[in-house]
Amino acid sequence: MFNFSIEWTGETVAFFVLSICIISGAVLMLNFTKVVHMVVSLAFAFLGLAGMYVLLDAEFVAFVQVLVYTGAITILMIFGIMMTRHDKQDEQFVRPWKEGLASIGCLALFGVLFFSIRSAEFPVHDKVSLAEDNTLNLGKQIFTEHVIPFELLSVLLTVSFIGAIVIAKKEAD
């Protein structure tokens, strides 16, 4: 049942290192109390996820992950933090028994996922022919078949950003 024979290649080591980056970034994001520290740890998790995409040979998705999530959304969150007021609010006391129950729940979920993945039998397919220029093909599809949704999305994001600035300015006055 517990067959832990792992072939240690560079890809396997990179997978484990990136997994630790993602998990530690997510856990730190949940445990930090300062919002700026939360954003930095979330960006760390996003960078680890981009590395996972590189391991999966999805270079374009990795580039978009770094550009959009790690770059733009993290910077947008930091601007949002800087533009709003943060008065000291009453911190709620977290009861230790709630943390214990949450830890037990996390361990139980991990156990269920671990044993179900270990007992699952995944189908083995022949060599799948992937597109050699997947970025080129994706770009062709975006700018030919899906150009209207692409442009509508850019307009929606611009309007929402302007709306956020207007709302932040009204609160400041």
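Reader: What order do the elements run in from the N terminus?
Author: The model is predicted. From the N terminus, the order is α-α-α-α-α-α. That gives 6 helices and 0 strands in the chain.

Reader: What's the average pLDDT?
Author: It is 82 for the chain, and 87% of the residues score at least 70.

Reader: And where is confidence highest and lowest?
Author: Helix 1, residues 10-31, is highest, with a mean of 92. Helix 3, residues 59-83, is lowest, with a mean of 80.

Reader: How much of the chain is buried?
Author: Buried residues are 12% of the 173. The chain exposes about 14500 Å², and 70% of that comes from carbon and sulfur atoms.

Reader: Which residues make the nonpolar surface patch?
Author: I6, W8, V13, F15, F16 and V17. The patch covers about 570 Å².

Reader: Where does W8 sit?
Author: In the segment before helix 1.

Reader: Why does W8 count as exposed?
Author: Because its relative accessible area is 58%, and the cut-off for exposed is over 50%.

Reader: Switching to cysteines. How many disulfides?
Author: The count is 0.

Reader: C21: buried or exposed?
Author: Buried, because its relative accessibility is 17% and the limit is under 20%.

Reader: And C106, buried or exposed?
Author: C106 is exposed, because its relative accessibility is 54%.

Reader: Last one. What share of contacts with a separation of 6 or more links residues 24 or more positions apart?
Author: Those pairs account for 57% of such contacts in the chain.

Methods: Residues numbered from 1 in each chain as written. Predicted model: local features only at pLDDT ≥ 70, side-chain atom pairs only at ≥ 80, totals over all residues. Heavy atoms only, no water. Disulfide = S-S within 2.5 Å. Buried < 20%, exposed > 50% of the residue type's maximum accessible area, 1.4 Å probe, protein only. pLDDT = per-residue confidence, 0-100. Helix = DSSP H or I, 4+ residues; strand = E, 2+ residues; numbered from the N terminus. Patch = residues over 30% accessible without salt bridge, like charges linked within 9 Å, V, L, I, M, F, W, Y side chains within 5 Å. Areas by Shrake-Rupley, 256 points an atom, 1.4 Å probe, with all protein chains shown as cover. Salt bridge = Lys/Arg side-chain N within 4 Å of Asp/Glu carboxyl O. Contact = heavy atoms within 4.5 Å.
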